[in-house]
Every structure is written in C-alpha cells, then in structure tokens.
Amino acid sequence: MNMSYCRFQNTSQDLQDCIDAVEEMNKKYYYQDNEARKELSKQERNALEEMIEQARYYSQIATDLLEELEAEQEFIDPAGGGGLHTHI
C-alpha cells in the first residue's frame, strides 16, 4: 500500500513501467513476434483490461478534481499575486 504522502509519485512511476511494457509488447506484435503472444498470463491479461477501465475512471475524476482546485485557486487569488495561496 502506498503512503498517502507519496501515493501519486509511486503510482506514476509504476504506471510508466506498465506503459513501457505495453509499448514494447505492441512493437513485438507489430513485428509478429510469436513469443510476445505468450508474455501475458490470463491473470495479467485480466489485470490489463481492468487497468484500462481504472485509467478511464481515474482520468475523469482526477480531471474534475484539478478543475475544482484551479477554480479554488482563482477564487483565492484571482490576480495571481499576493494573498492566500494553495499549492497543487
């Protein structure tokens, strides 16, 4: 389990590792490498499919959150200087 103070940093690194792996597998499939077809177990294929749905949902809710944070920042500091600041 990720600690809350570094959850997004750690997960971002892990997600990038998954992105790199999928890109590599896509290259192998493009060149019709038969070994690439055996790289994922059934469990890993299921997890890959689940991650696609999770990524779609995460993108939606994270975008909503960022929009709220940006709106809050504009409300707190509409001129962009001085006053109370929030850090994103």
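The protein exposes about 8000 Å² of accessible area, 54% of which is supplied by carbon and sulfur atoms; areas were computed by the Shrake-Rupley method with a 1.4 Å probe, and for residues only the protein chains shown count as cover. Of the 88 residues in the protein, 7% are buried, where buried denotes under 20% relative accessible area, exposed over 50%, and partly exposed the range in between (1.4 Å probe, protein chains only).

The model is predicted: local features require a pLDDT of at least 70 and side-chain atom pairs count only at pLDDT 80 or more, whereas totals for chains, interfaces and linings use all residues. Residues are numbered from 1 along each chain as its sequence is written, and side-chain values use heavy atoms, with hydrogens and water left out. The mean pLDDT (the predictor's confidence in each residue, from 0 to 100) is 83, and 83% of the residues reach 70 or more. Over residues 82–88 the pLDDT falls below 50, and this stretch has 12 contacts in the model beyond near neighbours in sequence, a contact being defined by heavy atoms within 4.5 Å.

The secondary structure comprises 2 helices and 0 strands; helices (H or I, at least four residues) and strands (E, at least two) are DSSP runs numbered from the N terminus. Helix α1 spans residues 7–30, and its 24 residues reach 34 Å from the first C-alpha to the last, close to the 34 Å expected at 1.5 Å a residue. The expected span is 1.5 Å times one less than the number of residues in the helix. Following α1, Q32 has a positive phi, near 55°.

The loop between α1 and α2 contains E39, which is partly exposed at 39% relative accessibility. When residues up to four places away in sequence are not counted, E39 touches M25 and K28. The C-alpha atoms of E39 and M25 lie 8.3 Å apart, although the two residues are separated by 14 residues in sequence.

The structure holds 1 salt bridge, defined as a side-chain nitrogen of Lys or Arg within 4 Å of a carboxyl oxygen of Asp or Glu. This salt bridge joins the side chains of R56 and E53, with an N to O distance of 2.7 Å. Because R56 and E53 are 3 residues apart in helix α2, about one helical turn separates them. R56 is exposed, at 54% relative accessibility, while E53 is partly exposed, at 46%.

A nonpolar surface patch of about 460 Å² is formed by F8, Y57, Y58 and I61. Patches are built from residues with over 30% relative accessible area and no salt bridge, like charges being joined within 9 Å and nonpolar side chains (Val, Leu, Ile, Met, Phe, Trp, Tyr) within 5 Å. Helix α2 (residues 42–76) gives the most to the nonpolar patch, with 3 residues. Y57 is placed in helix α2 and counts as exposed, at 51% relative accessibility.
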